[in-house]
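Open the model in your viewer and keep the selection tool at hand. The stops below say what to select next and what is there.

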Amino acid sequence: MHFPQVNYLAVLVAAIVNFILGGLWYSKALFATKWIALMGKSEEELKAKAAPMPVLFIQAFICGLVVAWVLATVLNHFAPVTPLRGALVGALCWLGFTAATTYATAIFSSTPKGLWLINAGYDLVSFVLMGAILGAWR
């Protein structure tokens with residue numbers, strides 16, 4: 001299998017944007033209160049069972065790097081690469097790989113639809129943004 005050339009600086013920037021978006025998306029200014037309620041836990045319960053915040057942040061950032069790198073690799077197969085094409089490929093990847101699989105999991109695990117919508121909505125916005133960044137930064 002041949003992996004096309006990837007702009008690793010663009011991947012890093014896309015991962016940083018994804019990380020910032022996550023901080024905003026899951027903040028009290030946007031969806032944190034509803035997300036915590038739909039999880040069926042209190043804020044204190046979530047904090048008590050979680051790993052230390054720096055560990056969680058590092059893990060989340062690494063996940064964003066992986067998504068950005070894979071998206072950059074996929075995007076290189078859809079020439080000409082543009083910001084719009086990047087956003088569309090991001091949305092397509094979200095639909096086929098994230099939305100469909102997480103929705104199927106949500107159905108069988110009795111996850112509240114609102115919780116799925118918050119999480120999947122974040123993924124959609126992040127895939128589209130990362131795709132646009134990767135498409136713009138050639």
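Select Gln5, Val6, Asn7, Ala10, Ala72, Asn76, Leu134, Trp137 and Arg138: these residues line the largest cavity. A cavity here is a set of points, on a 1 Å grid over the protein atoms alone, where a 1.4 Å probe fits but cannot get out; lining residues have an atom within 4 Å of a point. The model is predicted: local features need pLDDT of at least 70 and side-chain atom pairs count only at pLDDT 80 or more, while totals for chains, interfaces and linings use all residues. Numbering runs from 1 along each chain as its sequence is written, and side-chain values use heavy atoms, with hydrogens and water left out.

The largest cavity holds about 50 Å³ of space, a volume being the space filled by probe spheres set on the points, which are joined across faces, edges and corners. Its lining divides into five nonpolar residues, three polar and one charged. In this scheme Ala, Val, Leu, Ile, Met, Phe, Trp, Tyr, Cys and Pro are nonpolar, Asp, Glu, Lys and Arg charged, and the others, Gly among them, polar.

Next, select Val11, Ala14, Leu71, Met130 and Leu134. Of the 20 residues in the largest nonpolar core, these touch the most other members. Such a core is a set of buried Ala, Val, Leu, Ile, Met, Phe, Trp, Tyr and Cys residues joined through side-chain atoms within 4.5 Å; buried means under 20% relative accessible area, exposed over 50%, and partly exposed in between (1.4 Å probe, protein chains only). Helices α1, α4 (53-75), α5 (83-108) and α6 each supply at least two residues of this core, and α6 gives the most, with six. Helices are DSSP runs (H or I, at least four residues), numbered from the N terminus.

Apart from this core lies another, of six residues, among them Leu21, Leu38, Leu115 and Tyr122.

Now select Trp25 and Tyr122. Rings of Phe, Tyr and Trp (its six-membered ring) pair if their centres lie within 6.5 Å; planes under 30 degrees apart count as stacked, over 60 as edge-to-face and the rest as tilted. The count comes to seven aromatic pairs. Trp25 and Tyr122 form a tilted one, 6.2 Å centre to centre with 55° between the planes. Trp25 lies in helix α1 (residues 8-25) and Tyr122 in helix α6 (residues 113-136), so this pair ties together parts 97 residues apart in sequence.

Which residues complete the cluster? Ring pairs link Trp25, Tyr26, Phe31, Trp35 and Tyr122.

How values were computed. 1 Å grid on protein atoms, 1.4 Å probe; cavity = no way out; pocket = protein on both sides within 12 Å on 5 of 7 lines; lining within 4 Å.
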